Amino acid sequence: QREGREDELIIQGAVLIDQTTSDRVAQLSEKERNDFLWDLRFELLRTELEFDGIQVPLQRIEVSERIFYDAISKDTLLQRVSHVRKGVLIVLWMIARKFLQQPPPEVKELGFHK
């Protein structure tokens with residue numbers, strides 16, 4: 001929850017980019033790097049998630065969605081958590097695909113923090 005916004009809950013996921021991957025992104029040609037980052041932005045935009053951190057140097061990409069307390073049910077909460085999980089997978093898989101790597105294992109564990 002954000003301070004002063006007690007009526008909403010933010011569901012957030014983050015991908016921490018290791019130094020090797022960050023260096024590989026930085027070493028791409030300017031056009032290839034820009035194309036990759038724009039493709040990542042547009043793919044996340046299609047999910048309707050909020051996101052941040054798609055910039056050079058690539059270090060941490062966050063995806064999030066908010067839900068208001070008056071809309072919380074078990075179903076809607078789990079749908080929102082699933083949306084965020086899929087956003088994290090988009091980031092992981094697009095990076096893996098770009099650098100011809102095997103995708104990492106699916107994100108199954110979710111942590112909740114206040």
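A salt bridge is taken here as a side-chain nitrogen of Lys or Arg within 4 Å of a carboxyl oxygen of Asp or Glu. By this criterion, the structure, which is a predicted model, holds seven salt bridges.

One of these joins the side chains of Arg-66 and Glu-8, with an N to O distance of 3.4 Å. The pair links distant parts of the chain, since Arg-66 belongs to strand E3 and Glu-8 to strand E1, 58 residues apart. The two partners fall into separate accessibility classes: Glu-8 is buried, at 0% relative accessibility, whereas Arg-66 is partly exposed, at 29%. Both residues also take part in a network of salt bridges that includes Glu-50.

E1 (residues 8-16) runs antiparallel to E3, and nine bridges connect them. Strand E2 likewise pairs with E3 in the antiparallel sense, over three bridges. Glu-62 of E3 is the bridge partner of Ala-14 and also that of Asp-52.

Helix H2 spans residues 30-47 and comprises 18 residues. The distance from its first C-alpha to its last is 26 Å, close to the 26 Å expected at 1.5 Å a residue. Arg-33, Phe-36, Leu-37, Leu-40 and Leu-44 are buried in this helix. Viewed down the axis of H2, the buried residues fall within an arc of 90 degrees and therefore line one face of the helix. The elements covering them include helix H1 (19-27), strand E2 (50-52), strand E3 (60-68) and helix H3 (74-98). On the other side of H2, Lys-31, Leu-45 and Arg-46 are exposed. Just after the helix, Glu-48 adopts a positive phi of about 70 degrees.

Lys-31 is exposed, at 58% relative accessibility, and Asp-35 is partly exposed, at 34%. Arg-46 pairs with Glu-43, the closest N and O atoms being 3.0 Å apart, and here the separation is three residues, again about one turn. Arg-46 is exposed, with a relative accessible area of 59%, while Glu-43 is partly exposed, at 29%. An α-helix has 3.6 residues a turn, so residues three or four places apart point the same way.

Trp-38 also lies in H2 and is partly exposed, with a relative accessible area of 47%. The C-alpha atoms of Trp-38 and Ile-54 are 8.7 Å apart, across a sequence separation of 16 residues.

Technical notes
Residues are numbered from 1 along each chain as its sequence is written. This is a predicted model: local features need pLDDT of at least 70, side-chain atom pairs count only at pLDDT 80 or more; totals for chains, interfaces and linings use all residues. Side-chain values use heavy atoms; hydrogens and water are left out. Helices (H or I, at least four residues) and strands (E, at least two) are DSSP runs, numbered from the N terminus. The expected span of a helix is 1.5 Å times one less than its number of residues. Buried means under 20% relative accessible area, exposed over 50%, partly exposed in between (1.4 Å probe, protein chains only). The arc is that of the directions from the helix axis to the C-beta atoms. Contact means heavy atoms within 4.5 Å. Two strands pair if DSSP finds at least two bridges between them.
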